[in-house]
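This report was prepared to accompany a protein structure. Please inspect the sequence and the coordinates before reading on.

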Amino acid sequence: MRVVLLSGGVGGARFARGLEDALEPGALTVVGNVGDDLEVLGLHVSPDLDSLLYALAGLNDEERGWGRAGESWRTLESAAAWGGESWFRLGDLDLGLHLVRTQALRAGEPLSRVTARLAERAGLRTRLLPASDDPVRTHVVTPAGRFPFQEWFVTRRHEDEVDAVDVEAAAAARPAPGVLDALRDADALLLAPSNPYVSLGPILAVPAIRAELAGRRARCVAVSPLVGGRAVRGPADRMLSRMAGGTEPRHVTLCYEGLIDALVIDEADAPARADVPLVVTSTLMTDRDAARRLAEVALEAAAG
Ligand code: FO1
């Protein structure tokens, strides 16, 4: 069985690990968001691809959600002492990856090829693809102005309400090599319990990816990122309230109109109605077993 997961960072990475545990080795391809990529201290950082890479390699910091376990911060402290930027916390171990990736990108290697190399080095049995090699960049439009994603998310602590999400350069972006073939050949398509606007939105904003999903052969199942109408972490609930008009399952499905065949929701959100069938289960990924059970429910829903 070939499965493709479209995913953002932290929640998506946990779900990806659950899927890996539920599937045969090599069955999973993950297409990761690159809309929140940024340059820090002259280095290219791909937070969502890295959350996926670290989680699937067992290197991630479970508590913080992003970055590596056992991290130290001496380089960033030194950079800050020399007057360098330190608002985006890059740990010493994490920086090693950014150095290698940035060097490869500067030498002309596309992000997809660097990512494949890093995944191989990490011993991943899952294929990890960026949605695009093109510089798709998410911006949020708020009452206080328009901000690059990480400035709003980290510096402004995603406190501003969001009126719109603008994925710069998405309209002209092409899917990274392998993405369309993976979507076409998949037996099941899954949308991770990630933020529909700023994690999955930028992937779905790549026109050829959206078109491929809209004309899919396999069933596509999304997992809601909400539990009892609240985001497990991050601003998804506030964004849904303001931009979709609420935090019920039907508001989540509005973000995926024409793209999904079922939505997996938490027990705390049932009973509810929506324009696609709802599958009710416990969606909180409290540990690896819980993530695997959620993955199995989503896979079963995708099997029809
Ligand atoms: N999130 C924060 O809230 N503050 C940080 O300083 C921060 C640093 C960081 C470094 C590397 C990385 O891969 C992720 C990092 N994140 C940080 C998380 C990141 O901003 C978000 O989780 C994603 O971009 C949202 O999907």
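## Basis of the analysis

The model is predicted, so local features are given where pLDDT is at least 70 and side-chain atom pairs where pLDDT is 80 or more, while totals for chains, interfaces and linings use all residues. Residues are numbered from 1 along each chain as its sequence is written, and side-chain values use heavy atoms, with hydrogens and water left out.

## The parallel sheet

Strands and helices are DSSP runs numbered from the N terminus, with at least two residues (E) for a strand and at least four (H or I) for a helix. Two strands are taken to pair if DSSP finds at least two bridges between them. On this basis, an open sheet of 7 strands runs in the order β5-β2-β1-β9-β10-β13-β14, and the pairing is parallel. The edges are held by β5 and β14, each with a single partner strand, so one side of each has no neighbour in the sheet. On average, neighbouring strands of this sheet are turned by 20° against each other, direction ignored.

Strand β2 (residues 28-32) is joined to β5 by 4 bridges, and the two run parallel. Within this pairing, T29 stands opposite R127 of β5. Helix α8 (residues 196-204) lies across β1 (3-7), β2 and β9 (188-191), running at about 120° to β1. Such angles run from 0 to 180 degrees between N-to-C directions, with axes fitted as lines to C-alpha atoms, for helices over the stretch in contact.

## The antiparallel sheet

A further open sheet consists of 3 strands in the order β7-β6-β8, with antiparallel pairing. Its edge strands are β7 (145-148) and β8 (164-168), each of which pairs on one side only. From one strand to the next, the twist averages 25°.

Strand β6 (residues 137-142) is connected to β7 by 4 bridges, and these strands run antiparallel.

## Aromatic groups and charges over rings

The structure holds 4 aromatic pairs. Rings of Phe, Tyr and Trp (its six-membered ring) pair if their centres lie within 6.5 Å; planes under 30 degrees apart count as stacked, over 60 as edge-to-face and the rest as tilted. F149 and F153 are stacked, because their ring centres are 5.2 Å apart and their planes meet at 25°. The two residues are 4 residues apart in helix α6 (residues 149-155), a separation of about one helical turn. F149 is buried at 6% relative accessibility, whereas F153 is partly exposed at 30%. These classes use a 1.4 Å probe and protein chains only: buried is under 20% relative accessible area, exposed over 50%, and partly exposed in between. Together with W152, F149 and F153 form one aromatic cluster.

Charged groups also sit over rings, which requires NZ of Lys or CZ of Arg within 6 Å of the ring centre and within 35 degrees of the ring normal. The charged end of R64 is placed over the ring of W66, 4.8 Å from its centre. For R89, the charged end lies over the ring of W73, 4.3 Å from its centre.

## Salt bridges

There are 19 salt bridges in the structure, each a side-chain nitrogen of Lys or Arg within 4 Å of a carboxyl oxygen of Asp or Glu. D134 and R174 form one of them, at 2.8 Å from N to O. This pair links distant parts of the chain, 40 residues apart: D134 is in the loop between β5 (127-130) and β6, and R174 in the loop between β8 and α7 (179-185). D134 is buried at 17% relative accessible area, while R174 is exposed at 56%.

R238 and E161 meet in another salt bridge, at 3.6 Å from N to O. R238 belongs to helix α10 (residues 236-244) and E161 to the loop between α6 and β8, so the pair ties together parts 77 residues apart in sequence. Within helix α12, R292 and E296 are 4 residues apart, about one turn of the helix, and their closest N and O atoms are 2.9 Å apart in a salt bridge. R292 is partly exposed at 33%, as is E296 at 34%.

## A buried loop residue

T283 is placed in the loop between β14 (278-281) and α12 (288-303). Its relative accessibility is 7%, so T283 counts as buried. Leaving aside residues up to four places away in sequence, T283 touches L226, V227, V264, I265, D266 and L294, where contact means heavy atoms within 4.5 Å.
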